[in-house]
Amino acid sequence: MSQFSGKTAVISGGAEGIGLSIAKALGEQKMNIVLADIDQENLLNASAELEAAGVSVLAVALDVADEAQWQEVADQAIARFGKVHMVVNNAGVGGDSGPIEIQEKRGWQWALDVNLMGVVYGAKVMVPLIKQHGEGGWVVNVASMAGMGGVPFSGAYTATKAAVVALSESWAAELTKKGIH
């Protein structure tokens, strides 16, 4: 039996791409999946695809940059599955791109809100739920190779992904004593 069987994962940006691939892989391990995404149409399609594959799934609309929406996802996850064992902070955006001199605050703020604060809010809301049941769990923060070194003309993306790498390392040291990987 898989160590994931019967446990629950909350996946942001889960309606396509990396997030949906993670949902499928964890669903194959018999995890309950809380699929969260800002794109309602993709969310419904992805949820139907997972259900057709026999995965127990709950689809919830989520703008990761809104902490209150994270709490709503948490409330729905607990109501449906009873516990949360994993959060996958996957949602991300590119932000402003181009040479330094044309960077706009709006693009930077969007990248900071989604790529960085979305991860912070996801952990802030879900980690207490993971701690609560005392069974341990996982926090998976999807970053990028851009977070390991600079990418020209992608300052906002690179900076936010580097922050996610640093947060992940910090949280790993903080959470290991609670059995959270």
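**The sheet and its helices**

Mentor: Strand 1 (residues 8-12) pairs in the parallel sense with strand 4 (residues 86-89) over three bridges, where two strands pair if DSSP finds at least two bridges between them, and strands are DSSP runs (E, at least two residues), just as helices are runs of H or I of at least four residues, both numbered from the N terminus. Within this pair, V10 has V87 of strand 4 as its bridge partner. In general, the strands of a sheet pair through backbone hydrogen bonds, either parallel or antiparallel.

Before going on, note that this is a predicted model, in which local features need pLDDT of at least 70 and side-chain atom pairs count only at pLDDT 80 or more, while totals for chains, interfaces and linings use all residues. Residues are numbered from 1 along each chain as its sequence is written, and side-chain values use heavy atoms, with hydrogens and water left out.

The pair belongs to an open sheet of five strands in the order 3-2-1-4-5, with parallel pairing. Strand 3 (57-61) and strand 5 (138-141) stand at the edges with a single partner strand each, so one side of each is left without a neighbour in the sheet. On average, neighbouring strands of this sheet are turned by 15 degrees against each other, direction ignored.

Helix 2 packs on the sheet, where it touches strand 2 (32-37) and strand 3, and its direction makes about 175 degrees with that of strand 3; contact here means heavy atoms within 4.5 Å, and angles run from 0 to 180 degrees between N-to-C directions, with axes being lines fitted to C-alpha atoms, for helices over the stretch in contact. Helix 4 (residues 105-133) lies across strand 1, strand 4 and strand 5, and runs at about 175 degrees to strand 4.

Helix 2 (residues 40-52) also packs with helix 1 (residues 17-28), at an angle of about 20 degrees and with their axes 11 Å apart. The two helices, helix 1 and helix 2, are therefore roughly parallel to each other, a term for angles under 35 degrees. Their contact is made by L20, A23 and K24 of helix 1 and by A46, E49 and L50 of helix 2.

As for the setting of this part, the protein chain has five helices and five strands, and from the N terminus on its elements run β-α-β-α-β-α-β-α-β-α.

Definitions and conventions:
Parallel < 35°, antiparallel > 145°, perpendicular 65-115°, else oblique.
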